[in-house]
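Let's take a quick tour of this protein, one piece at a time. Keep the 3D view open while you read.

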Amino acid sequence: MKKELVIVLDFGGQYNQLVARRVRECNVYCEIYSYKTDLETIKSMNPKGIILTGGPSSCYEEDAATCPKELFELGIPVLGLCYGAQLMMLELGGRVERAPVREYGKTEVLIDKAESKVFRGVEEKTVCWMSHFDYISRTAPGFEVTAHTADCPAAAAEDEARRLYAIQFHPEVLHTKEGTKMINNFAKQVCGCAGDWRMDAFVENSIREIRAKVGTGRVLCALSGGVDSSVAAVMLSKAIGNQLTCVFVDHGLLRKNEGDEVEAVFGPEGPYDLNFIRVNAQERFYDRLAGVEEPEEKRKIIGEEFIRVFEEEAKKIGAVDFLVQGTIYPDVVESGLGGESAVIKSHHNVGGLPDYVDFKEIIEPLRDLFKDEVRKAGLEMGIPERLVFRQPFPGPGLGIRIIGEITAEKVKIVQDADAIYREEMDAAGMKETVGQYFAALTNMRSVGVMGDERTYDYAVALRAVNTIDFMTAEAAEVPYAVLNKVMSRIINEVRGVNRVMYDLTSKPPGTIEFE
Ligand code: XMP
């Protein structure tokens, strides 16, 4: 299945996962490894090509991240991007220096060698994304310059005979207009990949592999109704049918009607064979949360209670052979197992299950996939689009969208307001352009008038953000007419609310959630 592999050696730049995603968009399987990975390991993976990424340092500095020169002598095509390009030049005898002019942003690039394999089909003048302090002031022996910009004499260079390619800009960033074409050219024209990494084949293969691995064993899966766990559960059920049991804990902090919607799709009336168990634990959660105001404390309680409920259910089911986890590839990379960009996750999903359940082994069927590929796999297996394209919803649910104490009354208010907001945003086509949107309940009550009466009710906050990586975000520009309509509907239809506000804060200093 993975015989055609391109590897990305990660030098710590910010676009590293993007590089791998772009390669996979060309239907070529790609994995990310640290630049420290030794040559023997690289050889044993038998990659068709290697891509060196950007990185934060200068390659001529004493303690800069490097790779052995022999990497360029393996006979495997190498594409160096930004830092990777500079490193390739430096190691092979070229020169890299601090540039007189720093280039940042969209830049016009002129292709000097139209017949270059990586630039096949690319316009003579094209727009690329530049971000560098240093530049290649002299290419290494054997290389010819294949592109330049006004400030960068060697924006790209290559040694066709040795199949070594250096590109100063970032083809993986969408601002580089023909970037995907360049990456596709590298994978197909230079590395000779056929491009047979496809989701239908992945799904089919995974199902076969799971069947072989599980045999007659029993499998337990915690289903949240989110994209990852839903796709994992359906894949398992297709592989092993009713050897699978799925437990769905309704903690009373889900969006309006969500518990019923999840049950309608995955429960006994739905199209899947999941041995679906719904645990209605709303009261338990509300009881535990009563009187608690501190955000971290609320998160902790929700997490702990979730585990307790799950554990009780697991005990009823008895020992199982396998436990399913919806880990996806970015989790693997960010936990430091893949590339260089280990990020300490600032929050945890409700989870930590392995310690609490009697099982022998974990199955992670989506471990190799990026989010967009998980979605494709879901569609491939016939999971409804509205589930596959759901926005991220945090494990602690509305628990982190209610300021102050959580009560059943407040949950109902935020559920109703949120349902109206999402309905109007969807109707206005905002789904296509805005990353994540939801309503939250501030703990503020203030005086208002309704009819002849004085009210003393809550203020609802509307949040809508655009983000690429969820580490930073900006408030989205929602049309005033949409906001106005949402405001009016919430005030009229949701009891207990007399003010609606739009949160303009970006992240940082805010967070996306509202807790
Ligand atoms: P913040 O609020 O940290 O959110 O800016 C960043 C992204 O992560 C989601 N989020 C969570 N997801 N469990 C999750 O599964 C959590 O505890 C959690 N907290 C935040 C949030 O919805 C946003 O997409």
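Which residue is the bridge partner of Val-447 in E16? The partner is Tyr-456. Keep in mind as you look around that this is a predicted model.

## The hairpin

That pair belongs to strands E15 (residues 436-450) and E16 (residues 453-466), which run antiparallel and are joined over 12 bridges. Strands like these pair through backbone hydrogen bonds.

Now look at the turn. The hairpin of E15 and E16 has 2 residues between the strands, and Gly-451 takes a positive phi near 60° there.

## Three domains

Time to zoom out. The protein is split into domain 1 (5-190), domain 2 (199-388) and domain 3 (401-502).

## An open sheet

Next, find the open sheet of 5 strands, with the order E12-E11-E10-E13-E14 and parallel pairing. Strand E12 (276-280) and strand E14 (361-363) sit at the edges; each has a single partner strand, so one side of each has no neighbour in the sheet. Going from one strand to the next, the twist averages 25°.

Helix H9 (residues 295-317) packs on this sheet, where it touches E10, E11 (244-250) and E12. The direction of H9 makes about 150° with that of E11. As for E10 (residues 219-222), it pairs with E13 (residues 322-324) in the parallel sense over 3 bridges. Within E13, Val-324 is the residue opposite Cys-221.

## A glutamate in a loop

Is Glu-178 buried or exposed? Its relative accessible area is 8%, and buried means under 20%, so Glu-178 counts as buried.

You'll find Glu-178 in the loop between strand E9 (164-167) and helix H4 (179-190). Leaving out residues up to four places away in sequence, Glu-178 touches Gly-121, Val-122, Glu-123 and Thr-126.

## Two packed helices

Last stop: helix H13 (residues 408-427) and helix H14 (residues 480-493). Their axes are 9 Å apart, and they pack at an angle of about 150°. Angles over 145 degrees count as roughly antiparallel, so that is the label for H13 and H14. Their crossing is right-handed.

Which residues meet where these helices pack? On the H13 side they are Ala-417, Ile-420, Tyr-421, Glu-423, Glu-424 and Met-425. Facing them from H14 are Val-482, Lys-485, Val-486, Arg-489, Ile-490 and Glu-493.

How values were computed
Residues are numbered from 1 along each chain as its sequence is written. This is a predicted model: local features need pLDDT of at least 70, side-chain atom pairs count only at pLDDT 80 or more; totals for chains, interfaces and linings use all residues. Side-chain values use heavy atoms; hydrogens and water are left out. Two strands pair if DSSP finds at least two bridges between them. Helices (H or I, at least four residues) and strands (E, at least two) are DSSP runs, numbered from the N terminus. Axes are lines fitted to C-alpha atoms, for helices over the stretch in contact, and angles run from 0 to 180 degrees between N-to-C directions. Contact means heavy atoms within 4.5 Å. Domain bounds come from an automatic or database domain assignment. Buried means under 20% relative accessible area, exposed over 50%, partly exposed in between (1.4 Å probe, protein chains only). Angles under 35 degrees count as roughly parallel, over 145 as roughly antiparallel, 65 to 115 as roughly perpendicular and the rest as oblique. A crossing is left-handed if the near helix is turned anticlockwise from the far one by less than a right angle, and right-handed if clockwise.
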